[in-house]
Structures are given as C-alpha cells and as structure tokens.
Amino acid sequence: MARKLRIGIIGCGKIATVDHVPHYKSIPGVEIVSLLDIKRRQIDKLKDALDLDAKGFTDEVRFLNSGLDAVSICTPNCFHYPQTLAALKHGIHVLCEKPMAATPAECTGMIAAARSKKRVLQINQSLRYLPIYQTMAGLVHKGAIGEPTHVRCIRAGGPTPDIGWSPGAKWFVSKKYQGGLILDIAVHMTDLMRWMAGDISQVAAYVDTRITRIDVPDNVMVLTRFANGATGVLELSWTFPVGAGYLEIYGTKGMLRQGFDPNHPIEVITPGAKHGQYKVAHPKLTKNAKTSQQGFVDAILGKAPSVTPGELGRKAIAMCDAIAKSGQTGKFVSVKRY
C-alpha cells in the first residue's frame with residue numbers, strides 16, 4: 001500500500017477552514033498531518049471544526065521538519081514570500097494562497113527556488129477552478145463570440161472583509177500586511193480578464209481609499225488595453241451599499257456574460273436574422289472540475305501539470321503592480337510581460 005501524501009497547513013484561520021482543509025480531506029491518498037499558526041487557539045479551533053487528527057505547531061522550524069511532502073500557505077499576504085521560500089528550502093511542495101507576493105521580483109525569486117528544488121509551486125488563483133469561468137473561457141477560446149474586443153468586469157459591495165466574510169481579520173485592510181483591494185480582488189479579476197481575452201499590455205487606474213479607518217485601497221477603477229487591441233474596464237469597490245458581480249466579454253460575433261440572469265449563470269447572445277433581433281443561448285457548465293487542491297496533488301504525483309503555477313501567479317502580480325503604479329502616478333503604465 002502506497003504511503004499517503006503528507007500535507008501541512010500554514011495559517012489556521014478562515015481561508016484554511018473554508019477552502020484548503022475540506023478539499024484535501026476529500027482526496028484519497030492524502031492526509032493532513034501538521035498545522036502551523038502563531039495562535040494555539042486557532043489550531044485547536046480548526047482541529048475541532050473539521051475533525052482533524054494533526055499535530056499543532058507554533059514554531060515554523062519544527063513544523064517544516066515534521067516530515068511533510070507539501071504545504072498550503074493560508075497566512076496574511078506579507079508572509080507568502082518568506083514562508084514559500086522556507087518551505088521550498090526544506091524540499092516541500094507549496095500551494096500558496098493569492099496574492100503570490102507583493103512584487104514581481106519576489107515572485108521571480110519564488111519561482112527560481114521551486115525550480116532549483118524541483119518542487120511544485122502552485123498559486124491559489126481559485127477562479128481558474130470554478131466551473132462557471134472554465135465554461136466561459138472554453139466558449140471564448142472556441143470562438144463562440146468571435147475575437148474578443150472588449151471585457152467589462154465589476155466586483156463591488158461592502159463591507160470590507162474584516163467586517164464581512166472574515167470577521168476580525170484586520171490584515172485584509174492593513175498596509176503593514178500588504179492588504180487592500182488590489183492584492184485581494186484585482187489579483188483575481190485581472191487574471192480572469194487575461195484568461196478570457198489574452199495578455200493585458202497597458203493600464204490606467206484610479207485608486208482610492210474612502211474608508212478613513214484603513215490605510216489601503218478600497219476602490220479601484222481600471223482601463224485596460226489588451227495585446228490583441230481589445231479594451232477592458234475593471235471596477236472594484238468595498239464601499240458600495242449594494243453588491244454587484246458581473247462579467248461581460250464582447251466579441252466580433254456576439255457577447256458572453258455572467259451575472260445578469262438569476263435563472264441562467266451564463267448567456268451567449270448573438271445577432272438574429274434581422275437587425276435588432278438576438279439569439280440567446282444558456283450553455284451548461286463544465287462538470288467534474290478539479291479543485292485547486294486536487295490539481296496541486298495531481299501535479300506533485302506527476303499526473304498533470306498545475307494550471308495555476310508560479311508563472312501564472314507572477315502575471316497576476318505584474319497586473320496588480322501596474323495598477324498600483326498608475327494609481328500613484330496618474331499615468332498609463334505598461335504591464336511587464338513574463
């Protein structure tokens with residue numbers, strides 16, 4: 001009988017509880033054996049909530065020497081870079097939460113470390129694993145709406161994460177911990193836009209902080225130019241009193257959109273026989289999509305390459321970096337290509 005893959009979790013808060021641990025527990029041949037957090041009560045809370053038989057550590061060195069094959073890093077943003085390097089130094093595969101790091105240079109260092117140790121470095125760009133977006137990307141890439149010409153994406157609402165979905169997690173809204181709307185949400189949405197329409201070459205952004213109690217961006221509006229000449233608009237906010245979540249991709253033969261029809265997650269709209277007439281189709285979603293954790297395990301075992309490797313994470317950070325610089329300078333900023 002083959003030995004089970006031994007997984008460790010770094011950071012035992014909400015992200016580990018709702019995403020990583022439940023998904024690992026559903027994978028045959030995998031066991032969660034070690035948990036690391038600076039707060040012992042967080043470790044105990046995670047063990048009790050998800051019925052885990054795992055050792056708890058508050059010391060990183062002891063944790064990394066506990067016989068691990070792989071780790072999930074679920075800590076505040078500022079720890080992703082050093083903790084990834086530490087795990088790779090010990091020869092441990094890494095699934096790192098987004099954002100991969102604060103800068104493209106840090107991302108490059110993480111990728112180099114993984115290559116030198118011949119270990120998997122995967123970034124949890126989690127939208128890539130959702131059936132709705134897999135279906136949309138597949139339709140665009142198969143030419144269902146022709147060549148993409150414009151993308152519009154809005155993700156807005158309130159309150160901030162530390163009050164909303166993860167109460168008390170002040171690091172989401174702290175510059176000290178590299179929090180803020182850009183590295184929390186733009187890192188997802190720019191990757192989603194790239195997936196649909198290709199690389200983004202240039203951005204112009206308004207970046208604001210409207211909530212006086214925080215010191216990071218809470219509103220972002222971005223104009224994008226894609227490498228193929230297409231345009232895009234990205235709208236993000238933590239201060240809208242009513243939420244909004246829509247994605248529209250316009251092409252030379254029609255449009256594809258998500259979030260507009262409560263009865264159908266996706267709509268493909270194409271011209272009808274006469275001017276002003278339209279045909280509307282409601283494609284079925286992709287079935288049996290892998291979770292990020294399953295993809296990570298498969299990559300470790302050599303069954304399939306990761307679909308969100310470090311290289312993809314670095315592209316997302318390059319976009320975030322360009323947005324931040326444009327917001328600071330008021331100028332168009334070119335996105336570095338890797």
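**Close-up views of a predicted model**

**View A. Asp51 lies in the loop that connects helix H2 (40-50) with E3.** Helices (H or I, at least four residues) and strands (E, at least two) are DSSP runs, numbered from the N terminus. This is a predicted model, in which local features need pLDDT of at least 70 and side-chain atom pairs count only at pLDDT 80 or more, whereas totals for chains, interfaces and linings use all residues. Residues are numbered from 1 along each chain as its sequence is written, and side-chain values use heavy atoms, with hydrogens and water left out. Asp51 is not a glycine, yet its phi is positive, at about 55°. With a relative accessibility of 67%, Asp51 counts as exposed; buried denotes under 20% relative accessible area, exposed over 50%, and partly exposed the range in between (1.4 Å probe, protein chains only). Lys118, in the loop between H5 and E6, likewise has a positive phi, near 55°, without being a glycine. Lys118 counts as exposed at 73% relative accessibility.

**View B. An open sheet is built from six strands with parallel pairing.** The strand order is E3-E2-E1-E4-E5-E6, where two strands pair if DSSP finds at least two bridges between them. Strand E3 (55-57) and strand E6 (121-124) stand at the edges with a single partner strand each, so one side of each has no neighbour in the sheet. On average, neighbouring strands of the sheet are turned by 25° against each other, direction ignored. Strand E2 (residues 30-36) runs parallel to E3 and is joined to it by three bridges. Ser34 has Lys55 of E3 as its bridge partner. Strands of a sheet pair through backbone hydrogen bonds, in either a parallel or an antiparallel manner.

**View C. Helix H1 (residues 14-25) lies across E2, E6 and strands E1 (5-10), E4 (70-73) and E5 (93-97).** The helix runs at about 145° to E5; axes are lines fitted to C-alpha atoms, for helices over the stretch in contact, and angles run from 0 to 180 degrees between N-to-C directions. Neighbours within four places in sequence aside, the contacts of Tyr24 (heavy atoms within 4.5 Å) include Ile7, Ile9, Val30, Ile32, Leu95 and Phe296. Tyr24 and Met196 have the most contacts inside the largest nonpolar core, which has 101 residues. Such a core is a set of buried Ala, Val, Leu, Ile, Met, Phe, Trp, Tyr and Cys residues joined through side-chain atoms within 4.5 Å.

**View D. Helix H6 (residues 131-141) and helix H7 (residues 181-197) cross at roughly 30°.** Their axes come within 8 Å. From H6, Tyr133, Gln134, Met136, Ala137, Val140 and His141 meet Leu192, Trp195 and Met196 of H7. The residues of this contact comprise seven nonpolar, two polar and no charged; Ala, Val, Leu, Ile, Met, Phe, Trp, Tyr, Cys and Pro count as nonpolar, Asp, Glu, Lys and Arg as charged, and the others, Gly among them, as polar.

**View E. A network of salt bridges links Arg128, Asp191, Arg194, Asp199 and Arg337.** A salt bridge is a side-chain nitrogen of Lys or Arg within 4 Å of a carboxyl oxygen of Asp or Glu. Arg194 and Asp199 meet through their side chains at 3.0 Å, N to O. Arg194 is buried, with a relative accessible area of 13%. Asp199 also forms a salt bridge with Arg337, at 3.1 Å, N to O. This pair links distant parts of the chain, 138 residues apart: Asp199 is in the loop between H7 and strand E8 (200-208), and Arg337 is in the segment after strand E15 (333-334). Arg337 is exposed, with a relative accessible area of 57%.

**View F. Asp321 and Lys325 form a salt bridge, with their closest N and O atoms 3.0 Å apart.** The two residues are four residues apart in helix H9 (residues 310-329), which means that about one helical turn separates them. Asp321 counts as partly exposed at 22% relative accessibility, as does Lys325 at 41%.

**View G. The peptide bond from Lys98 to Pro99 is cis.** Its omega is near -10°, and Pro99 has its place in the loop between E5 and H5. A cis peptide bond also joins Gly158 and Pro159, with omega about 0°. Pro159 is found in the loop between strand E7 (148-156) and H7.
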